[in-house]
Amino acid sequence: MSAVIEAVNLTHLYGEKTLFETAAIKNIDLAVENGEFLGIIGHTGSGKSTLIQHFNGLLKPTTGKILLDGKDIAESKESIRAARFKVGLCFQYPEYQLFEETVYKDIAFGPKNMGLDDDETDRRVRRAARFVGLSDSYLKKSPFDLSGGEKRRAAIAGVIAMEPEALILDEPAAGLDPRGRDMILSFIKEYRQETGRTVILVSHSMDDIAKLATKVLVMNKGEVAMIGTVDEIFSRSEELFKMGLNVPQVTKIFLGLKEKGVPVRTDIYTNEQGCRELLRVFGRSVKE
Amino acid sequence: MIRDITIGQYLPGKSALHKMDPRVKIIVTFAFIIVIFMCKNFWSLGLMVLFTALCTILAGVPMRMMLKSLRPVMVILVFTGILNIFYTSGGNKLLEFWKITVTDKGIYTAVFMIVRIVCLIAGSSLLTYTTTPTMLTDAIERILSPLKVFKIQVHTLAMMMTLALRFIPTLIEEIERIMNAQKARGADLESGGFIKRAKALIPILIPLFISAFRRAYELAFAMECRCYRGGEGRTRMKQMKVKATDIVASAVTAALLGAVIFLNIYFKPVIG
Ligand SMILES: Nc1ncnc2c1ncn2[C@@H]1O[C@H](COP(=O)(O)OP(=O)(O)OP(=O)(O)O)[C@@H](O)[C@H]1O
Ligand SMILES: [Mg+2]
């Protein structure tokens with residue numbers, strides 16, 4: 001595997017040289033491998049959004065640099081522009097970016113900016129719409145006539161349609177009902193399985209991260225607090241609690257059971273694992 | 001970048017100037033401006049410069065910020081200086097070429113005018129540096145409230161002003177957000193000719209207007225839900241009280257007025 005995105009000693013100050021100067025992220029070193037599903041968690045204000053906006057060159061590092069496929073993105077104007085298409089960034093509440101007359105045109109905005117011809121654009125728009133579960137009848141509608149969840153999906157499709165090497169989603173499920181959340185998470189999963197591309201997901205839901213991520217990055221006060229696999233991270237529950245974070249709900253249940261003296265394992269991070277563990281422990285005792 | 005645009009450049013602080021009653025502050029600032037215009041020689045103007053400097057220090061406004069507020073009027077300052085140097089008649093000739101003569105009186109006048117404008121800007125900047133925009137509009141509303149007699153809707157005007165001020169930062173943030181989102185989809189806002197740039201604004205402006213209208217509706221609903229029905233019979237959450245500081249400030253300003261009049265009479269005037 002090779003790194004798609006690398007951050008080298010990255011620091012970003014907001015309001016540099018003013019009274020309001022704050023270091024949003026400090027000395028970040030990070031490598032995102034090709035094909036990886038990186039989950040980013042961290043308390044609000046820990047610098048997650050600031051970090052990911054460096055990956056496609058929207059924010060310029062105060063010090064340090066970002067490498068895409070080994071090349072510094074700040075090299076030239078062209079390389080920054082190329083980064084926009086290589087790394088598809090979908091902001092929190094992306095529905096406010098919709099502006100075209102039809103959903104189709106809006107999804108096509110990115111591919112058109114890339115200078116693709118009409119056939120290729122059409123193929124990408126339809127593919128992206130299919131990923132997010134918007135059928136052809138939606139494509140002709142005005143984006144402003146959609147429901148909140150549908151708008152969200154259309155907006156995400158607008159980023160997916162650029163077919164970026166790495167797709168970054170900043171809390172894509174925030175503020176949606178459970179059905180809407182599930183829908184979004186499941187198409188992210190499908191998207192990754194089908195394309196095999198890198199996905200970075202920022203989320204406040206430990207459950208979602210545990211379910212989807214192959215690697216987890218924990219941010220705390222602008223710094224990398226931990227990085228590792230789902231098991232490595234969520235086994236350190238004490239440290240996570242101290243940072244104002246949490247473990248998946250199912251892990252909490254098993255921690256509680258253990259405390260009550262039930263002989264269960266506590267390295268349980270998804271509902272499926274939990275189910276199996278319960279069967280293992282109680283299934284046997286029922287038999288006995 | 002876009003965030004650097006500040007309207008109502010309030011600098012948080014706890015100085016006596018910050019704590020003054022904004023009504024008194026506005027009136028005192030007006031008096032200050034009038035007094036500055038009354039100055040006729042360097043003695044009285046010097047006194048005002050000293051006073052402005054003292055107030056700046058008292059308010060804890062960094063010199064850098066003060067200079068920043070002068071930047072927009074730089075052109076006017078230079079212009080005033082040049083005009084006064086060349087177009088003042090009388091006095092001793094210092095320099096003469098072609099049709100232009102420079103006299104000592106011209107130079108004095110130029111310096112005098114520049115110092116006067118600097119003082120003026122610094123003084124009024126102090127008002128906005130030490131008072132939040134909402135406090136300012138609130139105070140303006142109260143100062144203008146006698147106009148109600150003439151059926152002028154002072155409260156409505158003030159409310160509109162307050163809301164507008166309140167939403168400037170919100171809109172700026174919104175523009176930044178939308179710009180970033182569209183840039184992430186490869187929108188090119190920086191290159192191309194006029195038409196191309198104007199077209200590039202569409203993806204920004206449409207979402208901006210939509211969200212601005214949505215906000216306006218929401219705010220109107222929220223206000224109605226709380227039974228807002230204009231200014232009649234409304235009481236205030238923040239009462240404004242004239243305190244000792246305000247009385248002292250008024251007294252100092254009155255004293256300045258007296259001193260300036262005295263200095264004007266006692267010393268020879270520089271300007272007509
Ligand atoms: N445009 C900005 N100007 C100044 N400061 C900012 C700006 N954006 C963020 N900050 C500050 O930088 C820090 C990190 O913010 P950031 O948005 O990256 O956090 P976050 O981890 O994404 O939080 P959340 O989970 O709430 O989205 C915060 O302290 C925030 O106040
Ligand atoms: Mg964020």
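User: Why is Arg181(A) called partly exposed?

Analyst: In this predicted model, Arg181(A) has a relative accessible area of 26%. Buried means under 20%, exposed means over 50%, and partly exposed lies in between, with a 1.4 Å probe and protein chains only. Arg181(A) is therefore partly exposed.

User: What makes Arg181(A) and Asp208(A) a salt bridge?

Analyst: Their closest N and O atoms are 3.2 Å apart. A salt bridge requires a side-chain nitrogen of Lys or Arg within 4 Å of a carboxyl oxygen of Asp or Glu, so the pair qualifies. Helices are DSSP runs of H or I with at least four residues, strands are runs of E with at least two, and both are numbered from the N terminus.

User: Is Asp208(A) buried or exposed, and on what grounds?

Analyst: Asp208(A) is buried, because its relative accessible area is 8%.

User: On what basis are Arg152(A) and Glu95(A) said to be joined?

Analyst: Their side chains meet in a salt bridge at 2.8 Å, N to O. Arg152(A) belongs to helix α6 (residues 148-160) of chain A, and Glu95(A) to the loop between β6 (87-90) and α3 (103-113) of chain A, 57 residues apart. Arg152(A) counts as buried because its relative accessible area is 1%, whereas Glu95(A), at 21%, counts as partly exposed.

User: Which labels apply to Arg236(A) and Glu239(A)?

Analyst: Both names carry the label partly exposed: Arg236(A) has a relative accessible area of 34%, and Glu239(A) stands at 35%. Arg236(A) forms a salt bridge with Glu239(A), the closest N and O atoms being 3.0 Å apart.

User: How many salt bridges does a search of the whole structure find, and which residues are linked in a network?

Analyst: Over all chains the search finds 22 salt bridges. A network of them links Glu120(A), Arg123(A), Arg124(A), Arg127(A) and Glu163(A).

User: What makes β9(A) a partner of β3(A) and of β10(A)?

Analyst: Two strands pair if DSSP finds at least two bridges between them. Five bridges join β3(A) to β9(A), which run parallel, and Ile41(A) has Val218(A) as its bridge partner in β9(A). With strand β10 (residues 223-228) of chain A, β9(A) pairs in the antiparallel sense over five bridges; Asn220(A) stands opposite Glu223(A) in β10(A). The β9(A)-β10(A) hairpin has two residues between the strands, and Lys221(A) takes a positive phi near 50° there.

User: Why is strand β9 of chain A described as mostly covered?

Analyst: Five of the six residues in β9 (residues 215-220) of chain A are buried.

User: Why is Thr44(A) called exposed?

Analyst: Thr44(A) is exposed because its relative accessible area is 59%. This residue is found in the loop between β3 (37-42) and α1 (48-55) of chain A.

User: Why is Lys14(B) called exposed, and where is its place in chain B?

Analyst: Lys14(B) has a relative accessible area of 72%, and is therefore exposed. Its place is in the segment before α1 (16-19) of chain B.

User: Which conventions apply throughout?

Analyst: Residues are numbered from 1 along each chain as its sequence is written, while chains are lettered from A and ligands numbered from 1 in the order in which they are written. Local features need pLDDT of at least 70, side-chain atom pairs count only at pLDDT 80 or more, totals for chains, interfaces and linings use all residues, and side-chain values use heavy atoms, with hydrogens and water left out.
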